[in-house]
Amino acid sequence: MHLHGYGCAGMGPVAYGITCREMEAADSGHAQPRLGAGSLSMFPIWKYGSEDQKNEWLPRMAAARRSAASA
């Protein structure tokens, strides 16, 4: 949710932190895999991936239709 473009929300760090805290309060079992996807798989694609990789993976991952584990 902190990435810009490709269907990502583009939130700032404060909004990201508040969202993480609220998701954890509701259900940490649901929050951890979702939040981890942004840091561990989406960010490297956004930062270092080719334009084709970004267009293929980021919109689907941002919409939670695809995860790095199911790639």
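Some ground rules. Residues are numbered from 1 along each chain as its sequence is written, and side-chain values use heavy atoms, without hydrogens and water. Because the model is predicted, local features need pLDDT of at least 70 and side-chain atom pairs count only at pLDDT 80 or more, while totals for chains, interfaces and linings use all residues.

The protein chain has three helices and two strands, in the order β-β-α-α-α along the sequence. Both kinds of element are DSSP runs numbered from the N terminus: helices are H or I with at least four residues, strands are E with at least two.

Of the 71 residues in the chain, 23% are buried. Buried means under 20% relative accessible area, exposed means over 50%, and partly exposed lies in between, with a 1.4 Å probe and protein chains only.

Now the rings. How many aromatic pairs does the structure hold? The answer is one. Phe-43 and Trp-46 form this pair, 5.8 Å centre to centre with 40° between the planes, which makes it tilted. Rings of Phe, Tyr and Trp (its six-membered ring) pair if their centres lie within 6.5 Å; planes under 30 degrees apart are stacked, over 60 edge-to-face, and the rest tilted.

Both residues belong to helix α2, residues 28-48, and sit three residues apart, about one turn of the helix. Phe-43 is partly exposed at 30% relative accessible area, and Trp-46 is partly exposed at 27%.

Last, Arg-60: its charged end sits over the ring of Trp-57, 4.9 Å from the ring centre. That requires NZ of Lys or CZ of Arg within 6 Å of the centre and within 35 degrees of the ring normal.
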